[in-house]
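Work through the exercises below with the sequence and the structure open. Try each task before reading its solution.

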Amino acid sequence: MKKSIAGIAVVLALSCSQLQAETEISGFASVVGGKVLSGTGVEEFGLEPTFLANYPTVGFYNEEWTFNPDSKYGLQISSELTEGLTATAQMVGRGADDYTAKFEWAYLSYQVNEHWTIQAGKKRLPLYYYSDFFDVSYAYLWIRPPADNYTWQIFNYNGVNAQFNYQLDEWAVSGNIYTGQEDDTTNKLLSEFFGSEPVREIWKNIVGGVLSFNRDWFDLRLTYMTYENERFRGGAPVLWNGEDSRRGKFAGISTNIDYNNWILLSELNRLTLDGSDFDTYLVSGGYRINEWTPYVSYADFDSEGEVHSTTSVGVRWDFHSSAAFKLQYDDVTDDGYDGGQVAGDSKSITFGIDLVF
């Protein structure tokens, strides 16, 4: 990890000296440990008691203490190349990936005017409310966004997008229109957790949009995306009803309230794929007491065969202006059937520190 950060520093030094650009560097980190207190596992798959805390990166806990599933660090570099043109790159190293730093974001931005910005490159797929800052755990209430709601195999894309923002009376209106594709040659979730052979996951012809409304203590976000899915398992194409591709449609709505120390967060999403609906939702509430914020949350995933939910209770302590301590208890109920179980029932405890710099 030290070697990777040193390498980044050298690249930055060279870039700054050669381009003479105004460069901003920021970062974040999370040190989180935990374990499964009790669980059923899935006997059918030979899986021991397990809590799958992060689906995309396959961060999971078992009955031994570990700091790998949720721990991570990140470094973001943004350089203003010329007037209105900015280059941004973000590297992230996760405990679930042996802390190896990888480029998650790398894109160019051009500010057309005060309302519109065009971007091109590799970015986070803006499906969910917390997608854009999913890795920056300090930015949200919990240890992690509830896994039942954030379950997808693909979370980045390569393409172009247009962001906009306007002020309409007392409402701040913003949005994002995007298109692109992603070709994950060895998808970690499908290859390692839900399979035993390499799976190549392709999302192409992605077209989506996000529209947000914010006023004082109220926030509303609407999202929609359609894409074409291809998949190869062990080098052979996966067929759905005799076809080697399928069309997916995703829609979601989230409403957040932060009023007089009360916090209410909610998100509802539906994916329609192969004629079936995959429904997820979360609802969470908290109350600030000076630097302390106790909270509860409930998240649910419901589809044909795969049915699971998580009830969480925790507390956040903002002991520093740039750091927070969190403690969380998660109770997972896995009601999957016909091979649709994920990791079985489990009760887990996690704690850690999130910081930004």
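The exercises use a predicted model and cover strand pairing, aromatic rings, charges over rings and a surface patch.

**Exercise 1. Strand pairing**

Task: Determine in which sense β6 and β7 pair, and over how many bridges. Then find the bridge partner of G121 in β8.

Solution: 
- Step 1. Locate the strands: β6 covers residues 101-111 and β7 covers residues 116-124.
- Step 2. The two strands pair in the antiparallel sense over 6 bridges. A106 stands opposite K122 in β7.
- Step 3. With 4 residues between them, β6 and β7 form a hairpin.
- Step 4. Move on to β8, residues 156-168, which pairs with β7 in the antiparallel sense over 9 bridges. Here G159 is the bridge partner of G121.

**Exercise 2. Aromatic pairs**

Task: Classify the ring pair Y157 and Y178 as stacked, edge-to-face or tilted. Do likewise for F164 and Y166.

Solution: 
- Step 1. The model holds 31 aromatic pairs.
- Step 2. The ring centres of Y157 and Y178 are 5.6 Å apart and the planes stand at 50 degrees. Stacked requires planes under 30 degrees apart and edge-to-face over 60, so a pair between these limits counts as tilted. The Y157 and Y178 pair is therefore tilted.
- Step 3. Y157 is in strand β8 and Y178 in strand β9 (residues 171-184), 21 residues apart, and the pair links distant parts of the chain. Both residues are buried.
- Step 4. For F164 and Y166, the centres are 6.4 Å apart and the planes at 50 degrees, so this pair is tilted too.
- Step 5. Check exposure. The cut-off for buried is under 20% relative accessible area. F164, at 14%, is buried, whereas Y166, at 33%, is partly exposed.
- Step 6. Ring pairs also build a cluster, whose members include Y128, W142, W203 and F250.

**Exercise 3. Charges over rings**

Task: Which residue lies over the face of Y107, and which over the face of Y138?

Solution: 
- Step 1. At Y107 the residue is K123, 5.1 Å from the ring centre.
- Step 2. At Y138 the residue is R316, 4.8 Å from the ring centre.

**Exercise 4. A nonpolar patch**

Task: Identify the strands that each supply at least two residues of the nonpolar patch.

Solution: 
- Step 1. List the members: L222, I253, L264, L268, Y281 and V283 make a nonpolar surface patch of about 470 Å².
- Step 2. Compare with the strand ranges. The strands are β14 (262-273) and β15 (276-287).
- Step 3. Take one member: L264 lies in strand β14 and is partly exposed, with a relative accessible area of 43%.

Conventions:
Residues are numbered from 1 along each chain as its sequence is written. This is a predicted model: local features need pLDDT of at least 70, side-chain atom pairs count only at pLDDT 80 or more; totals for chains, interfaces and linings use all residues. Side-chain values use heavy atoms; hydrogens and water are left out. Patches are made of residues with over 30% relative accessible area and no salt bridge: like charges are joined within 9 Å, nonpolar side chains (Val, Leu, Ile, Met, Phe, Trp, Tyr) within 5 Å. Accessible areas come from the Shrake-Rupley method with a 1.4 Å probe; for residues, only the protein chains shown count as cover. A salt bridge is a side-chain nitrogen of Lys or Arg within 4 Å of a carboxyl oxygen of Asp or Glu. Buried means under 20% relative accessible area, exposed over 50%, partly exposed in between (1.4 Å probe, protein chains only). Two strands pair if DSSP finds at least two bridges between them. Rings of Phe, Tyr and Trp (its six-membered ring) pair if their centres lie within 6.5 Å; planes under 30 degrees apart count as stacked, over 60 as edge-to-face and the rest as tilted. A charge sits over a ring if NZ of Lys or CZ of Arg is within 6 Å of the ring centre and within 35 degrees of the ring normal.
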